[in-house]
Structure formats: structure tokens, C-alpha cells
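Let us check some labels against their cut-offs. The structure comes first.

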Amino acid sequence: MPISNTDLQELAKVSLDEYLRNLPVDQIAVERPFLKKLMEGRKSLLGAKQNVVENIRKEHGSNFSWAFGEETVKFNKRNTTEQASFPWRRAVDGLYIDYDRLFSNGIKVREGGARGFQLEYNERVQLINLLDEQLEVLREGFLNKLDLELHRDGSHGADAVVGLDSLVSLVPDAGTVGGIDRAKASYWRNYAVKDIASTAPGNLVGEMETASRQCIKHGGSPDFIIAGGKFIDTYRKQVTVTHIAGSGETKYIDAGVNSPIF
């Protein structure tokens, strides 16, 4: 069976020429700040039957009361923990190179045992050139898709993991995450505000201050913020920036107030 016209055209793009050899300039790759942040804190999965389980504290079960003298002190039993279960999944990608494509690239495929044949010099050059591009796009394509999937809510596929869009929901008092019903469990809800009237001066900044305090109130401390282009443009317009001519320094915009003093 002869090589297809599509494969032949692709070979013409990746094959080594005598007069020009250069790496393809990637025109479609994008930055992946969310995936990069997750990879910085990644942990090894040592093995699990079905789920990755996180133990959480849902209440203190306090039985606090005032007492004096010989007044009876009451004791209680406490059920203060809950388990959030998240199914683990395997992310895969793959490619293959058929015999005809290799042969059209000047690489002979021979039947035999390991180390039974040695590649000629020109075959080695062509194979490396072909594999370099294939493995590079395999890696970049995998990471781009993984980053996208981790932003989504996991509802689009039976084996898709629960992503950011579900963990940090725009409707935090609805739905089940990790096996816990957020309609019943107020402790399992994130903070969310929609439809902020950003045309009013300082309104967006005020909502961001409120959101930050809500996180700090429950013992957290926001250390990573991601936003889309429209949000960033709106935030920039909410803050007055003083430019110093000739300073040559990067301008940092910070509208937050950490410790207000009155």
C-alpha cells in the first residue's frame, strides 16, 4: 500500500533538508499558570482502591456553658469529622508511526531481535528529527488538554476529574462535591460573587477586599490568584497608577489593604 498524500506532505515538513534545518515555531502553545501551580505542590499517589480521601473538620461540637460553685457540668459526645472522597483517574495520550511513513523517511524497518540491526547514519538523523517533533507535540498537547480539564467541573465525562469550576463554584450552596452535599453542609461552600457593577469607581476593589477577608476569616490566606483578560483590564481601570518618566521599572498594581488603621 503506497504512502498517503497526507503523510507525504507531513514528511516534507519535518524531514531534514540539505539547505535548511530549523525547529518549528510554535504558534498555538499557551501559558499554563494553574497547572504550573498545581505541579509545584504535587504529591505521589501511593495507591488507592478507588478514591483519594481527605479528612475534614466540619464542626467543634462545643458544649460551652458558664458555671459557678457546684453547678452541674454537662458533657457531650462529638462527631466532628467528615470525609471528602474524590475518585482518582489516569490521564493518557499516545501516538504511533506506521511502517510506510518510516520507510518514506528513509528508515528501513527490519524484522529481528533486539540489537539485531544497526541504523545507518542517515536513518538515525531522519528518525531523531521525526521523533523529536512527535514527542514534543505529544507532551505539549497533553499538558494543554490536562490544564483545560483541570479548569472544568468534570461533568462532561464519566472518567473526568472534578476540576476548579466545581471546587470553586459560582453557585456554592448547590451540588455535591467529594460526596458532600453543599446544600446541607454550609462549611463546604466557597465564597462567590457574580455580576459586580464594575462601572462604579472602587466597587470591584471593594468586592475583592470582602472576598479576601472571607478567606482569611476561616484560617486561609490567598497566595495565588488567577483571572481572565477582561477581569484584569477592569481591575487596572479601577486603580490610578502614577507613572514616573524614565524610571524603567515595572509598575505593580495593588489595591488591597492589609492592615487598615483608624
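A salt bridge here is a side-chain nitrogen of Lys or Arg within 4 Å of a carboxyl oxygen of Asp or Glu. The model is predicted: local features need pLDDT of at least 70, side-chain atom pairs count only at pLDDT 80 or more, and totals for chains, interfaces and linings use all residues. Residues are numbered from 1 along each chain as its sequence is written, and side-chain values use heavy atoms, with hydrogens and water left out.

Q: What makes Arg32 and Glu140 a salt bridge?
A: Their closest N and O atoms are 3.3 Å apart. The cut-off is 4 Å, so the pair qualifies. Arg32 lies in the loop between helix 1 (5-14) and helix 2, and Glu140 in helix 4, so the bridge ties together parts that are 108 residues apart in sequence. Helices are DSSP runs of H or I with at least four residues, strands are runs of E with at least two, and both are numbered from the N terminus.

Q: Are Arg32 and Glu140 buried or exposed?
A: Both are buried. That label means under 20% relative accessible area, with exposed over 50% and partly exposed in between (1.4 Å probe, protein chains only).

Q: Why does Glu82 with Lys58 count as a salt bridge?
A: The closest N and O atoms are 3.9 Å apart. That is within the cut-off, so the label holds. Glu82 sits in strand 2 (residues 81-87), and Lys58 in the loop between strand 1 (51-57) and strand 2, 24 residues apart.

Q: Why is Glu82 called partly exposed?
A: Its relative accessibility is 31%, so it falls in the partly exposed class. Lys58, at 24%, also counts as partly exposed.

Q: How do you know that Glu209 and Arg213 form a salt bridge?
A: Their side chains meet at 3.8 Å, N to O. Both lie in helix 6 (residues 203-217), four residues apart, about one turn of the helix. Glu209 is at 15% relative accessibility, so it counts as buried.

Q: Which residues of helix 2 make the contact?
A: Phe34, Leu35 and Leu38 do, against Leu143, Leu146, Asp147, Leu150 and His151 of helix 4. Contact means heavy atoms within 4.5 Å.
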